[in-house]
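Reader: Please take me through one part of this structure in detail. I would like a close look at how its parts meet.

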2 protein chains.
Amino acid sequence: MTPKITRFLTEQVPATPCLIVDLDVVEQHYHDLHKALPDGKIFYAIKANPAPAILKRLVSLGSCFDAASLQEVQMCLDAGADPKHISYGNTLKKPSAITEAYAKGINLFVFDSLEELEKIAQHAPGSRVFCRLAVENEGADWPLSRKFGTTTAHAHTLMLRAKELNLIPYGLSFHVGSQQTGIAAYQHAIRAVSTLFNDLCHEGIDLQMLNLGGGFPTHYREKIPPIYDFAKAIDDALTEYFPHKRPEIFLEPGRYMVGQAGTVSTEVILVSRRGGAETDPRWVYLDIGRFGGLAETEGEAIRYQFRTPHDQTGGSTSPCIVAGPSCDGIDILYEKNRVAFPDALKSGDRIEILATGAYVSTYCSVGFNGFPPLEEYYI
Amino acid sequence: MTPKITRFLTEQVPATPCLIVDLDVVEQHYHDLHKALPDGKIFYAIKANPAPAILKRLVSLGSCFDAASLQEVQMCLDAGADPKHISYGNTLKKPSAITEAYAKGINLFVFDSLEELEKIAQHAPGSRVFCRLAVENEGADWPLSRKFGTTTAHAHTLMLRAKELNLIPYGLSFHVGSQQTGIAAYQHAIRAVSTLFNDLCHEGIDLQMLNLGGGFPTHYREKIPPIYDFAKAIDDALTEYFPHKRPEIFLEPGRYMVGQAGTVSTEVILVSRRGGAETDPRWVYLDIGRFGGLAETEGEAIRYQFRTPHDQTGGSTSPCIVAGPSCDGIDILYEKNRVAFPDALKSGDRIEILATGAYVSTYCSVGFNGFPPLEEYYI
């Protein structure tokens, strides 16, 4: 939590639950990633947080954008992005969305199947296309490998087909999974795609671009490798597997760019030992839960850190189960990975949930149990 | 899907994805439940679908309401409900919410812990309170037992404490879990609470009410027992365990009341065999997924039925994996419980998802991946 956010919370005391994002932290992460991987062109994965303030700040820094839908394409344009700096990065696109994006000047589209490729050829003729490969997602807290990507063999066929369809076979992409903490995942993937680059080159298809996807982690409870370690591993792998000519490198950071920038402020609704005995676990119920934005606590995949008003008092703590405010039985945040809250914690206390800038504001439900969507502040 | 919904879809051809709810089906279910359990007072669990049109229709039928939040209390009042017909049925309530609900005339509150009971005593003095017991949720597709409810022993203590706090110890409640298909669950729970009724009676606390919660199932893919079987089992258990004086019976149906009334209309974005081989499974990607309202497909818990334009042609079918439109890897609806879709199914086809009236509209995210919330039509 940054001093700017602390000051905002102290001075404004906004109603809970709410999300406060420090835009300077987003900018810092943009610079850090750019410095770590100067060869990489940054396409911010808007889905992590599409707030206009974030998009405008990134436009001013020269960022490119990875859009998951026509609506996200429009958000970038509204923030002042050049359509040439936008990649339509969802392998699932309605024909009408392709047509409209194309009309707005988008000419870079991803695909991972013949059917999608044919749709792009029909509705965005002559565009640049890149094929998403399925790669190992081991080490990722939020894997993406089952739903997306194809085999290198099929990608080979599809890239040849792309050329026949008068599209520009532009590059290849992969995604090692979100909140990927294993450096090796990138190395293995780069090796796999380099072979396909070579094979296609021999068939007269000179791919220009390698899209490394996102996945760079943000710091939650567990320690993560610094971005420079990822950058070094990626750079080494590129040197090793692309010794003659290095392709243009695209990066699609989402969580990495905005995660640390955000803090959720929440109120404790109830602290109870439901069985009544001192030996029963304490349940801490907050006014935000899985349906108020903390969707990534599903399966306790993302394990956030908390700050309470009692942390500095040196009082005793004990592990608590943490749950959301709804009547839904699955609205439990942490039961296996309990949180050591101060024994002094009580109903009415305001606590902060750290590193909540990514994948919180938009997962939020429109009104489950009548609770309104999360308020957001960008400062 | 009712003829009224079919006609609406044919005549209006609304943009997808959207939810259409036939209010007459809601009314029919109200009457059916009332007929099956004439002793039961129906408190519609608003959280299942809080649409004003549904609430107004139910007010006109004389229904009572189970509200999960202050906002839901207000929705009922806005629909014309008498505050005396509203139960504040969430064991998690902010003090400010209790105060406001009390000021609006609500005087029936649930609790399952000493801490919550004390909050109610302070902010809604003199109100009627009921204690939620934790009961076995075996047989429920959407269990609720870990997060809510206390032991009978502790409930005993708490009801005595309620009296000391000048509250009215009014009754007991339990919840057998949502989409409960086992009739025995109600019987076991009624037996357990009857003992507590007797014990408290001996201590001078004459409880008036037994709240059987919700849980009554709606028909998805698998066959479920008719509501009359549940009613008979409940009636028999009440006769057996409350032989002298039967308490006032409250019911909190949500899914049962509105599930069958709704149909989601969705468009197929893509049908693909991602590996390219005929032996690869077909993936069917829809324009609605887990974050567009179908949240209860988490863990494939709720298994919806589908209708396609090819169902009547007698063509071949094969099992498909079904997924949503977002870039999120967990936005997969059915992978284990595959859906036998016609082999003729293709991108652009409109299909219907049946029995989607409950727990769809409000789970929907505010805009994950840029997709706007589900459009809703109440006819």
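**Where the parts meet**

Author: In this predicted model, the centres of domain 1 of chain A and domain 2 of chain A, taken over C-alpha atoms, are 33 Å apart. Domain 1 spans 23-259 and domain 2 spans 263-378 in chain A. Contact between them involves 19 residues of domain 1 and 22 residues of domain 2. The two domains bury about 1800 Å² between them, with 53% from carbon and sulfur atoms. On the domain 1 side, A:Trp142, A:Tyr220 and A:Arg221 supply 41% of the buried area, more than any other three residues.

Now the polar side of this domain interface. Ten residue pairs are in polar contact, both residues at pLDDT 80 or more. Two salt bridges cross the interface. A:Arg303 pairs with A:Glu222 in a salt bridge, with the closest N and O atoms 3.0 Å apart. Helix 3 (52-61), strand 7 (140-142), strand 9 (178-180) and helix 10 (255-258) of chain A each give at least two residues to the domain 1 side. By class, that side has nine nonpolar, five polar and five charged residues.

Chain A also meets chain B. There, 71 residues of chain B contact 71 residues of chain A. The chains bury about 5500 Å² between them, 57% of it on carbon and sulfur atoms. In chain B, B:Lys147, B:Arg274 and B:Cys327 lose the most area to chain A, together 14% of what that side buries. Twelve salt bridges link the chains. A:Arg290 and B:Glu298 form a salt bridge through their side chains, at 2.6 Å from N to O.

Methods. Residues are numbered from 1 along each chain as its sequence is written. Chains are lettered from A and ligands numbered from 1 in the order in which they are written. This is a predicted model: local features need pLDDT of at least 70, side-chain atom pairs count only at pLDDT 80 or more; totals for chains, interfaces and linings use all residues. Side-chain values use heavy atoms; hydrogens and water are left out. Contact means heavy atoms within 4.5 Å. Buried area is the accessible area (1.4 Å probe) that two parts lose on being put together, summed over both. A salt bridge is a side-chain nitrogen of Lys or Arg within 4 Å of a carboxyl oxygen of Asp or Glu. Domain bounds come from an automatic or database domain assignment. A polar contact is a pair of N or O atoms within 3.5 Å; within protein, one must be able to donate a hydrogen and the other to accept it, and residues adjacent in sequence count only if both atoms are side-chain atoms. Helices (H or I, at least four residues) and strands (E, at least two) are DSSP runs, numbered from the N terminus. Ala, Val, Leu, Ile, Met, Phe, Trp, Tyr, Cys and Pro count as nonpolar, Asp, Glu, Lys and Arg as charged, and the others, Gly among them, as polar.
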